[in-house]
Amino acid sequence: MTGASDNPARPPAGERLCGLDELADPGAKGFRFRAERWLFAGFVVRSGELLRGYVDSCPHAAWPLAPVDDRYLTRTGEHILCAGHGALFRLDGTCIAGPCAGDRLSDWQVVVRDGAVWTA
Ligand code: FES
């Protein structure tokens, strides 16, 4: 199995993902990239000064986290929720409850530049 870091569909650094104004605060947005039979899925979380990107794969069973496009956060926007089996993550990617408590989401490096979010 190919890991997320050597997935040929993973976009290179410098790819524009979205305008910062397209991300609610707090909010999250998912992105999918395809290359032939490969798929890379990642999402970006924004809350105040925090902006982080993660590979959209739960450390529990590698399922995508959101049941619906862009619905990665709990209602309050304080945590990331995996709809698979209810794992709850802090916005820094650490799982604090559920079947993979103590594990982490895999980082997807992103940066804010010129009012937009880019891969880094
Ligand atoms: S796949 Fe996320 S909690 Fe099981």
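1. Basis. Residue numbers start at 1 in each chain and follow the sequence as written. As the model is predicted, local features need pLDDT of at least 70 and side-chain atom pairs count only at pLDDT 80 or more, while totals for chains, interfaces and linings use all residues.

2. Strand β9. Strands here are DSSP runs of E with at least two residues, and helices are runs of H or I with at least four residues, numbered from the N terminus. Strand β9 spans residues 116-119. Val-117 and Thr-119 form its covered face, whereas Ala-116 and Trp-118 are on the uncovered one. In a regular strand, side chains alternate between the two faces of the sheet.

3. Neighbours of β9. Two strands are taken as paired if DSSP finds at least two bridges between them. Strand β1 (residues 16-19) runs antiparallel to β9 and is joined to it by three bridges. Within this pairing, Gly-19 has Ala-116 of β9 as its bridge partner. Strand β8 (residues 110-113) is also antiparallel to β9, with four bridges. Here Val-112 is bridged to Val-117.

4. The β8-β9 hairpin. Two residues lie between the strands of this hairpin. Asp-114 takes a positive phi near 55° there.

5. Gly-93. This residue sits in the loop between β6 (88-90) and β7 (95-97). A residue is called buried if 20 or more other C-beta atoms lie within 10 Å of its own, exposed if 12 or fewer, and partly exposed in between, with C-beta atoms placed from the backbone. Gly-93 counts as partly exposed because it has 19 C-beta neighbours inside 10 Å. Contact is defined as C-beta atoms, placed from the backbone, within 7 Å. Leaving out residues up to four places away in sequence, Gly-93 touches Arg-52, Tyr-54, Arg-104, Leu-105 and Asp-107.

6. Cis peptide. The bond from Asp-25 to Pro-26 is cis, with omega near 0°. Pro-26 belongs to the loop between β1 and β2 (27-35).

7. Positive phi in loops. Glu-36 is not a glycine, yet its phi is positive, about 55°. Glu-36 is in the loop between β2 and β3 (38-47), and counts as exposed because it has 7 C-beta neighbours inside 10 Å. Ala-62, also a residue other than glycine, has a positive phi near 65°. Ala-62 lies in the loop between β4 (50-55) and β5 (79-81). With 12 other C-beta atoms within 10 Å, Ala-62 is exposed.

Methods
Two residues are in contact if their C-beta atoms, placed from the backbone, lie within 7 Å.
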